[in-house]
Amino acid sequence: MTFVDLFTKRAPTANASPSLPVEPVVAAPRPAEPVGGGHGLDSDTIQRTIKAMAERVGRLGVEAIEIDGRVDQVAARGLSRKQDLETVVRSVHEMAEANVRINDLSVATKTAMGSVAGAMDEARATSQAALHTIEGLVEGIGHIEGKLPDLQKSLSEVAAVSKDIQKIAGQTNLLALNATIEAARAGEAGKGFAVVAGEVKDLSRQTANAVTTIQSTLATLGSLIDTLIAESRAASTVASSARSGSGDIGGAVTRIEQVSHELAQVQSQVDSIVDAAARNREQCAAIGEAIDLIEETTKASVEDMEAVKQRTANLLEMSEDMITLTAEAGIETVDSPFIKIVTERARQMSQLLEQAVERGEIGLDALFDTNYQQVPGVEPPHYVVRHTDYTARVLGPICNEVVNASPDILACTPGDMNNYYPIINDAFAKPPTSDPVWNAANSRARTKQLDRTSLNQMKSKKSFLLQTYRRNMGGGRFDLMKNISSPIIIKGRQWGILRIMVRVR
């Protein structure tokens, strides 16, 4: 596109994408007017006007890159906030899920507490009934133990009476025997008395037999009572232990009652937790919806910032194209001296490298070597290829001459088509250290640069390319710079470019 072509294209509307092609404006034919006569403009006036326009376009480019940089910062902050918000969203959803689990567990705990409280009530009632039974048993055993001695005493008295009866029976038997003898002596007169004596004797014998049976039974009962007394004493000991243990059981029952009371309080607190968890769950759901809405809005804002960035980049590209077209038209601008320097020095480097190939100082394959070997232990990464030492030695002095030619030229460096820069002027070609931050600012030889500006210059097929960019100086400071590049051609093949960085004042 020529400089004249630039002004015969329709400018894009506010809603049109700058990247779309535009149709030329068809102007009505006008009669030619003499230069400098009538209302025509002479060539000097046109030159001054175009130069002024070019300068303003240059300032427009500076403003565009400033806006682009600011948009970059805002977009980066927006992206960071978006990522932070995504983390918050995940946390809120996780918190909501945790609240659901808490609510479910609280409800389950409430149910379990109800069951435990019921079981404790039943245990308390059962323990109290058992305590009353044990106390009644202990009391009954005590009464039995108290009656056994009286029973033993009564049996002893019965035994004594049975002995008396046995003694009486013996005496009665003796008396009957005597009566029988006397009846026999009396003869016929004592027969009636003999009959009575016989009956008395039989009664005495029966009485003796009964007494013997009673005494045997009393002996058996006595033995049984002795055993019962011994066992009752053992049972009494056990009952005493049970009685003393019943106090422990009573304490346990009291403790169960306390636990039941405490469980009732805990159950009340669990009820409060369930209510709070339910409210918290509802609030978390509301917060989650609000956060989701904020996330959608933030995402849309980030997308809008990306669109603004793209439009700003298009505007910057258009302004750079206008500056390039102005320079190609031969109009002198503030950038013309720097364009001249970079194009002349690029031709000089092309000739030097071609001549070096012709003299056999370096092979063409070595100059175009892309087998980059990373230097170990250096950050950001440094690389070497077969031509590194040679190009640094031959082209390094030219880089220093270019920087010394103007205080506005900050840096000068040649790079191959993969944006590998074997050498740069001395200010930025210091040996690397162990500090990556320092290296990034001061040790830039043997590095690769893959930023937007570096990538764009390799795509250009023009004799020069002017770009505006912001250089990060660290600490939140950015300097506006112009990058002007021109191709280096060796044996008809583009080896790379020469680029200079110019301060924008």
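These questions and answers walk through a predicted model of a protein.

User: How many helices and strands does the secondary structure of the protein come to?
Analyst: The chain has 505 residues, and 32% of them count as buried. Its secondary structure holds both helices and strands. The count is eight helices and eight strands.

User: What share of the contacts with a separation of 6 or more comes from residues 24 or more positions apart?
Analyst: Take the contacts in the protein with a separation of 6 or more. Then pick out those between residues 24 or more positions apart. They account for 69%.

User: Is Thr 343 buried or exposed?
Analyst: Thr 343 sits in helix α4, which covers residues 336–359. Beyond its neighbours within four places in sequence, Thr 343 touches Ser 463, Phe 464 and Ser 486. The cut-off for buried is under 20% relative accessible area. Thr 343 has a relative accessibility of 12%, so it counts as buried.

User: Are α4 and α6 roughly parallel or roughly antiparallel to each other?
Analyst: Helix α6 spans residues 388–404, and its axis is 11 Å from that of α4. The two pack at an angle of about 160°. Angles over 145 degrees count as roughly antiparallel. The two helices, α4 and α6, are therefore roughly antiparallel.

User: In the contact of α4 with α6, how many residues are nonpolar?
Analyst: α4 passes α6 in a right-handed crossing. On the α4 side, the contact residues include Ile 341, Met 349 and Leu 352. On the α6 side, they include Val 394, Leu 395 and Ile 398. Two residues of the contact are polar, two are charged, and the nonpolar ones number 11.

User: Is Asn 439 buried or exposed?
Analyst: Asn 439 belongs to helix α7, residues 436–442. Its contacts beyond four places in sequence include Val 378, Pro 432 and Arg 444. Buried requires under 20% relative accessible area. Asn 439 has 1%, so it is buried.

User: Which residue has its backbone oxygen reached by the side chain of Asn 439?
Analyst: The side chain of Asn 439 has a polar atom 2.8 Å from the backbone nitrogen of Thr 433. The side chain also reaches a backbone oxygen, at 2.9 Å. That oxygen belongs to Glu 379.

User: How far apart are the C-alpha atoms of Asn 439 and Pro 381?
Analyst: Along the chain, Asn 439 and Pro 381 are 58 residues apart.

User: Which residues does a cis peptide bond join?
Analyst: Look at the loop between β1 (373–374) and β2 (383–384), where Pro 380 is placed. The bond has an omega of about -10°. It joins Glu 379 and Pro 380.

User: What is the phi of Arg 446?
Analyst: Arg 446 lies in the loop between α7 and β5 (447–448). Arg 446 is partly exposed, because its relative accessible area is 30%. Arg 446 is not a glycine, yet its phi is positive, about 65°.

User: What relative accessible area does Lys 491 have?
Analyst: Lys 491 is in the loop between β7 (477–490) and β8 (493–503). Although not a glycine, Lys 491 has a positive phi of about 55°. Partly exposed runs between the buried cut-off of 20% and the exposed cut-off of 50%. Lys 491 is partly exposed, because its value is 42%.

Technical notes. Residues numbered from 1 in each chain as written. Predicted model: local features only at pLDDT ≥ 70, side-chain atom pairs only at ≥ 80, totals over all residues. Heavy atoms only, no water. Helix = DSSP H or I, 4+ residues; strand = E, 2+ residues; numbered from the N terminus. Buried < 20%, exposed > 50% of the residue type's maximum accessible area, 1.4 Å probe, protein only. Contact = heavy atoms within 4.5 Å. Polar contact = N/O pair within 3.5 Å; in protein donor to acceptor, adjacent residues only side chain to side chain. Axes fitted to C-alpha atoms, helices over the stretch in contact; angles between N-to-C directions. Parallel < 35°, antiparallel > 145°, perpendicular 65-115°, else oblique. Left-handed = near helix turned anticlockwise from the far one by under 90°. Nonpolar A, V, L, I, M, F, W, Y, C, P; charged D, E, K, R; others polar.
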